[in-house]
Every structure is written in structure tokens, then in C-alpha cells.
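Thanks for coming, everyone. Let me put the structure up and walk you through it.

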Amino acid sequence: MWQRPQHLLSRAARHYRVLMVEEPIFKPGIRPHIDVGVRPQGVTVAVPMLPEGMSHEEAIAGQRDLVEELIGRESAGPRVFWYYTPMALAFTSDLECDLCVYDNMDELSLFRGASQELLTLEEELFARCDLVFTGGMSLYEAKRGRHHSVHAFPSSIDFIHFSKARGVGRDPADQTGIPRPRLGFFGVVDERMDLDLLRQVADMRPDWQFVMIGPVVKIDPASLPRRSNIHWLGGRSYSELPEYLSGWDIGFMPFALNEATKFISPTKTPEFLAAGVPVISTAITDVVRPYGEKGLVEIAARADDVVQKAEEILRREKGPWLNKVDRHLSSGSWDKTWASMHKLMQGAMGDVPADRAGSSLSLYATTPAE
């Protein structure tokens, strides 16, 4: 997946040395170590490798030892800790940093399997961090009373990348044989997807094709609806997405309305729009506001609503809608989002002398727990 963390940290790499600490991988019979590699965008990725059979406490201690060995307990120079999950605080709380940032993408406590430990560690993270960024306005409204410096940064857009879909004239090989019209989804397929809604719409319109792209996570693949007009293509790379989107008539976001989706701000909403693909979504708050209210995205509650909205989209002239979309998208970008975040970071650290600027700073980030 290439989403908010990748967009932001690849831009942070223009100003900082960025080390991304991912979740551990467990393998039988190995000695604890950490695999380190550099991505083309300049971000260094570190993956703790631990032997199978460790208890939770042993795994935390193992990660603490490996991260401490990698970066040192005390900071040799100014450094930033950037958290995507409070769980990482369990093995980093005793390490020094000059600035602590919590980029809060989701209400993790509402996800399936969330533990009491996560809630406790989030309280500790709010007490420790200097800045809190939220991935949407509804999450900002829920979190702003918990910290003195909370700032909303809703999902932005890599317009140049996704607008390529408007000019692509060919289908990927595995999409070529799928008839039109096509309704498509891309992203993680998990408990946040309303599989019943997808099944009902597919049954109501068997001549419509539903193209589903993305990894299946935290749910049984056997629970996915299997129909001749539902095509589960699996994961595809970020670079390939414009080719797929160019052949879709409608973007379909069948999110379930449950605890896990209460505060989400789907990055794919502006990505669909940049690709020139009209969108139908369930009533996710951060999609309704502003996209639904501005007439950029159609909001549907039931299967018959989805069918009605889709039929209207397939009939209407696309030009006026696309002009309105482009006016809205022109006001935002990931570059602007990062620039605003960076300004807040610099302000929180105080005036940064010339000899501390640029690549002399280190930023350490951690991935969210699945």
C-alpha cells in the first residue's frame, strides 16, 4: 500500500534522515536481528526479525533491544519520534527525542481485536507527544480535547499520479476481458467493508462488473462474496493503479458503518476524483463532509440507493462534474500537507540553527499495528 505514511515520510526525507521501524517478523530458529534497507524515496526501513515462540513480553523486550542498538538510547543529535501506533511506545518510551509527533490516522481502539494495552499506551503517548496530527476532521473533533496541540490534516492527493488515469488508453491484461460498466474499489479489504452491500448490488445488477483490488486482511477470504460479476484481483502496486482506474466507470466505496469506520478519512476519495472517476460511497462522515455536501461524491445507504446513484452517473454528462472536482482538488496536495506539518514541527522545536537544519536531523517513525 502507498498511503498517508508513505506520502508524508517520503517528503520528510527531503529534510530529515528518516528511519521507518516496521512491525516484527517472526521466523523459526533465527537469532534476533534487524533487517535494514533503503527505499528509492530515501526512507530507510528497519524490520525486527525475531524467533517464533516468543511471548508478547519477550517480543517487546527484543524489539527494544534491537531498536536501541540501532539508534542508541541517548540522542547523539536532534531527532524526532513520529508514531503511527501507540503500541510502539512499549519499546521506545525510554529513548530520548527532541520532538514527539503522533500522526493519528484512525481510531485504533475501535478496530477488531484492539487491546486494553493499546488504550493505556495511547494515554501515555498523548502525555508524551508534542504534536498530534489527525487524518480527518471527525477524528480531530474526537481528539482535540485530549492534547494541547491537535491539528487536523485530512487525506490529501497526489494529483499528478492519479490524473494519469484520464489519459490511459489501455486496460491491464487482467482487466481487459471484464465487460463494462465497471464499478471499482482499491484498498485494504477488511472488517471495514460492507460485504453484504457489495453482494446485494452485484445481485441486483448482474450485468455490472465489480473490480476489487487490494489485500484481504483480518477477515476470512472465504467470507468474500463470490459472483461471476465480482472480480477479486488481489493487491496491485501504487504505480499500476491509474491504469486500472482508467477503465472504471464508477468508484465504489462500500464501507460498513461500524466502530472501525467511525473516524476514517479514506485517502482513496480524492484519488478517485483525481483519476476522473465518479464515486459512490456509504455515509462515512469524512466523505459526506465535504465531498458529499459539495456534490463531488454520491452518498448511498442501501443497495437500491447505490443502483439508483450509479444509473444516474452512467447517464449524466461528466464535464461539469469534473470541472467542479478539479476546482476542489486544486487547493490541496501532499506537498502542502507536509509543508504545514513541518512548519508546526519547527515551531514546536523552536528556532532551528543552520547547523541543525536539513539532513542533520533524524526522524524515526513506526508503523501501525494490524
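Secondary structure, then: the protein chain has 13 helices and 15 strands. Keep in mind that this is a predicted model.

Overall dimensions next. The C-alpha trace spans about 65 × 50 × 40 Å along its principal axes. How does the radius of gyration compare with that of a compact globule? For 370 residues, such a globule would come out near 21 Å, and the protein chain has 22 Å, so the two agree.

Of the 370 residues, 51% are buried. Take the contacts with a separation of 6 or more: 70% of them join residues 24 or more positions apart.

The protein chain exposes about 16300 Å². Carbon and sulfur atoms supply 50% of that area. As for charge, there are 41 positive and 50 negative charges. Their mean positions lie 6 Å apart.

Let me zoom in on one helix, α11. It covers residues 303-315.

Which residues of α11 are buried? They are A303, D305, V306, V307, A310 and I313. An α-helix has 3.6 residues a turn, so residues three or four places apart point the same way. Look at V306, A310 and I313 in the buried set with that in mind. And what covers the buried residues of α11? The cover includes one helix, α7 (195-204). It also includes the strands β12 (250-253), β13 (279-281) and β14 (298-299).

Next stop, helix α10, residues 285-292. Two things to see here. One is Y291, which lies in this helix. Is Y291 buried or exposed? Its relative accessible area is 9%, under the 20% cut-off, so Y291 counts as buried. Setting aside neighbours within four places in sequence, Y291 is in contact with S155, T269, P270, L273, D286, L296, V297 and H328. Compare Y291 with Y140: they are 151 residues apart in sequence, and their C-alpha atoms are 17 Å apart in space.

The other thing in α10 is P290. The peptide bond from R289 to P290 is cis, with omega near 10°.

There is also a cis bond from R180 to P181. Omega is near -5° there. Where does P181 sit? In the loop between α6 (173-176) and β9 (182-186).

Now H161. This histidine lies in helix α5, residues 159-162. H161 is buried, with a relative accessible area of 9%. Which residues does H161 touch, beyond its neighbours within four places in sequence? Y238, S239 and P242.

One backbone detail to finish: K218. Its phi is positive, about 65°, although K218 is not a glycine. You will find K218 in the loop between β10 (209-213) and β11 (230-234). How accessible is K218? The relative accessible area is 32%, which falls between the 20% and 50% cut-offs, so K218 is partly exposed.

So, to recap the spots worth a click. Look at α11 and its buried residues. Look at Y291 in α10, and at the cis bond from R289 to P290. Then find P181 in its loop, and K218 with its positive phi. Over to you for discussion.

Conventions
Residues are numbered from 1 along each chain as its sequence is written. This is a predicted model: local features need pLDDT of at least 70, side-chain atom pairs count only at pLDDT 80 or more; totals for chains, interfaces and linings use all residues. Side-chain values use heavy atoms; hydrogens and water are left out. Helices (H or I, at least four residues) and strands (E, at least two) are DSSP runs, numbered from the N terminus. The radius of gyration is taken over C-alpha atoms; the globule rule is 2.2 Å times the number of residues to the power 0.38. Buried means under 20% relative accessible area, exposed over 50%, partly exposed in between (1.4 Å probe, protein chains only). Contact means heavy atoms within 4.5 Å. Accessible areas come from the Shrake-Rupley method with a 1.4 Å probe; for residues, only the protein chains shown count as cover. Lys and Arg count as positive and Asp and Glu as negative; His and the chain ends are not counted. The place of a charge is taken as NZ of Lys, CZ of Arg, CG of Asp or CD of Glu. The expected span of a helix is 1.5 Å times one less than its number of residues.
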